[in-house]
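Student: Hi! Could you walk me through this one while I have it open?
Tutor: Happy to, let's have a look together.
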Amino acid sequence: MFEITRLHGATVQTDGATCFSLWAPDADTVAVKLGDGSVHTLHHQASGWYSARVNCGPGTAYRFLINGQLSVPDPASRHQPQGVDGPSCVLDPDAFAWQINEWQGRPWHETVIYELHPGAFGGFAGIQARLPELVDLGVTAIELMPVNECPGKQNWGYDGVFPFAPQSSCGTPDDLRRLIDAAHASGLMVFMDVVYNHFGPHGNYLGEYAKGFFREDIDTPWGPAIDFRNTQVCDFFCENALMWILDYRIDGLRLDAVHAISEIDFLTNLARRVRSAVPPERHVHLMLENERNQASLLTEGFDAQWNDDGHHALHVLLTGENESYYRDFADDATIKLARCLKEGFIYQGETSRTGVSRGEPSGHLPPTAFILFLQNHDQVGNRAFGERLITLADHRAVKAALALVLLCPMIPLLFMGEEWGCEQPFLFFTDHDEELGKAVREGRRQEFADFAAFADEMIRQRIPDPNSHSTYVTSVPDRTGGNPTLQDDWLAYYRSLLRLRHAHIVPRLPGTLSDGTTIPGEKAVSACWRLGDGSRLRIDLNLSDSPVVVTAPDPGTSIIHDYRASLSKDPTILPGYSSRAILDQAT
């Protein structure tokens, strides 16, 4: 088994003692205060480190004492049983008895992602109980929104301050391990969404004793940027990535908003360290969210990027929305979708609405380097009222577009609840104290001031309060309140498409290349790919309400999927709100 070099935090030694280490270059003295009240001085080392070996073991509660006055949890704490304000707890990552020891993961081309919020899905134990239904659906990976310890009991997870500690309100670290073990027993991969671009505001004391964690010259939407020019900072986050992969046996990481990370070298270094830490036969996947569309990263250790470009083009075509970032896709949306299906990114260096060029050429990358979706936590939850797509668009058009997402050679992603037609909103929610909660509420509502629908301040006041418990409760998917017949219909449709994907597309995906796209009409695209075994896949999509003329399928081809809102016997006519997938198998 490969091991992590643990520099940060509390590390249990082979003799049962614990080594406590803290990088605190701005502190004069550092000590560790244990739960029994004893205080042990940490010795000053080179480069701002403080460390000491103490005769205590797993289960020990502790805090660091800075300059004899400031008492803080460990920023690299592996467990915060009382939340962000409580003491840290020493853990032995090797003590868990894994049941599935032969698991090596699954190849990337087999991936079908199901993104979920751990709390809204019932915590770690709740997710584990629902694994059989996810297997039956046809997904092959669950992606957990961040589980790092955040303030309160319900939170999106993106303002955490303890990236090494699983959220205590979702369960214990061993509960998370049991979930991962059970997922592997079911053949499911588990991906983790990690946040390396900022720390949350509540419970973050790093600026008091380690100012080098932050840059004073670069701001992000969440405050000063992380300073990855410092080796200790890079090591902190690389150790975190390795902890998830080695100590928790996570199958992959999705790095949130890396466009807010100024040092690209950190990303390539992290990828190298992850790749070198696992044996070659183990499948570990690294994914990016990156507004910069840096295609070069997808050849330097990262498997794929969330393709927001593809989502935005589809969303514009489905809903007609054209404000905010959708403005960049409103003009020539059909052409933009065709470019996405042929080349991956839509913006490959072109200037966006902000006047800044965005992106790098991506046509040389395989389709599997792009993750495509109709919904995710961002694209639903960052709306003022958290509307799901099926409440915004014609259901027939959504079903037609869904066939493209689930059958094209890009890697598909689903968001929890969409598979049964959930119409409940997924809202932005937090659980802060009164002062911070007020600031979040006011800031959230002000974000939408530039939207025409929210120009009136009185209307903005109707935007749900993120800090209200009811906002969280409303966001928990609940099948009992809907129409069971419609829910079953949606679920059957998702299952049928994923069965087709696994039977006809996945085995042929390695080596797939684009074979071009055509535009038979407004809101209509015909896209072709040459699959790895020489077969040819063609998907015709019509998101308009009018029929379009398309090329008839060649003799000998198989129409593996045909969704038509209205019937037409003419193979050259694709009715409105329709899609079909045609496979010409290699002989």
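Predicted model: local features only at pLDDT ≥ 70, side-chain atom pairs only at ≥ 80, totals over all residues.
Tutor: Here is an open sheet of five strands in the order S21-S22-S23-S27-S25, with antiparallel pairing. Strands are DSSP runs of E of at least two residues, helices are runs of H or I of at least four, and both are numbered from the N terminus; two strands pair if DSSP finds at least two bridges between them.

Student: Which strands stand at the edges?
Tutor: S21 (513–521) and S25 (558–564) do; each has a single partner strand, so one side of each is left without a neighbour in the sheet.

Student: How many bridges join S22 to S23?
Tutor: Seven, with S22 (residues 524–530) running antiparallel to S23. Valine 525 has leucine 541 in S23 as its bridge partner.

Student: Switching to arginine 538, buried or exposed?
Tutor: Arginine 538 counts as buried because its relative accessibility is 9%; buried means under 20% relative accessible area, exposed over 50%, partly exposed in between (1.4 Å probe, protein chains only). Arginine 538 lies in strand S23 (residues 536–542).

Student: What does the side chain of arginine 538 reach at 2.3 Å?
Tutor: The backbone oxygen of threonine 551.

Technical notes: Residues numbered from 1 in each chain as written. Heavy atoms only, no water. Polar contact = N/O pair within 3.5 Å; in protein donor to acceptor, adjacent residues only side chain to side chain.
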